[in-house]
Amino acid sequence: MTRSPSSHALALDPKLNEACKTFLAPTPTATSSTSPNSPASAPAKANSAFTIENGATRVVPGSHKWEPGRQPELHEIAYAEMEAGSVLVYTGSVIHGGGRNETDTNREGLLLHNTLNWLRQEENQYLTCPPHIAQHFTPELRDLLGYPSSYGMGFFSTPFPPGEGAELVSPEALFRRPAPHWPGLGSQPTARQYASADSGPSS
Ligand SMILES: O=C(O)CCC(=O)C(=O)O
């Protein structure tokens, strides 16, 4: 997202996001048989033509329902041959992979993997799109990257303003200040002190 601003439109595409939610959204409308087995779903956009020769994504349709360990026969493998600008949408639990490129030009693609917000991301979006960059993205895009406040998994502070709620420390503050002392181990700076440390580089 940082390196390719033109990827934002694809990430926010309502049709693709609806398709991903079908597999990922933890709502009663998600089908119970696919959600637990579908930790990721991905649109892959061809930025150049995908052909069998240049390694077009191989997919084994239906393999997300196979028993573990079953290997595909050659005739069960489909090739996502497509023109530049086309999009392939697949669930991460279907057997898939890029093929060998036997041409002398690159096969260019844009892969956007969506995953449940309590699972580790394939690309670390918090490092590739750190807060000083993500602040310029739309709220919708920040949500997709995993920035929305969740008090269950992956939180770095309370959902309350600095100084209110439990005393938690953001990673940014930890990088600029010595590690805090936790209760019983010595004095602990307040969230307000850390928040002011957050507002500028350390001296
Ligand atoms: O290179 C491709 O077309 C597929 C890449 C892939 O399998 C993945 O990143 O999940």
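This is a predicted model: local features need pLDDT of at least 70, side-chain atom pairs count only at pLDDT 80 or more; totals for chains, interfaces and linings use all residues.
Tutor: From the N terminus on, they run α-α-β-β-β-β-β-β-β-α-α-α-α-α.

Student: Why are β2 and β3 called paired strands?

Tutor: Pairing takes at least two bridges. Strand β2, residues 58-59, is joined to β3 by two bridges, so the pair meets the cut-off. The two strands run antiparallel, and Arg58 sits opposite Tyr79 in β3.

Student: What makes β3 and β5 the edge strands?

Tutor: Look at the order of the open sheet: β3-β2-β5, with antiparallel pairing. β3 (78-79) and β5 each pair on one side only.

Student: And what holds strands of a sheet together in general?

Tutor: Strands of a sheet pair through backbone hydrogen bonds.

Student: Which residues are around the ligand?

Tutor: Ala44, Thr57, His96, Gly97, Gly98, Gly109 and Leu111. Two elements give two or more residues to that shell: β5 (96-97) and β6 (109-111).

Student: Why does the shell count as two nonpolar and five polar residues?

Tutor: Ala and Leu count as nonpolar, so Ala44 and Leu111 go there. Gly counts as polar, as do Thr and His, so Thr57, His96, Gly97, Gly98 and Gly109 go there. None of the shell is charged.

Student: What makes a residue count as buried, and how many of the 203 residues do?

Tutor: A buried residue has 20 or more other C-beta atoms within 10 Å of its own. Buried residues make up 14% of the 203 in the chain.

How values were computed. Residues are numbered from 1 along each chain as its sequence is written. A residue is near a molecule or strand if its C-beta atom, placed from the backbone, lies within 6 Å of it. Helices (H or I, at least four residues) and strands (E, at least two) are DSSP runs, numbered from the N terminus. A residue is buried if 20 or more other C-beta atoms lie within 10 Å of its own, exposed if 12 or fewer, and partly exposed in between; C-beta atoms are placed from the backbone.
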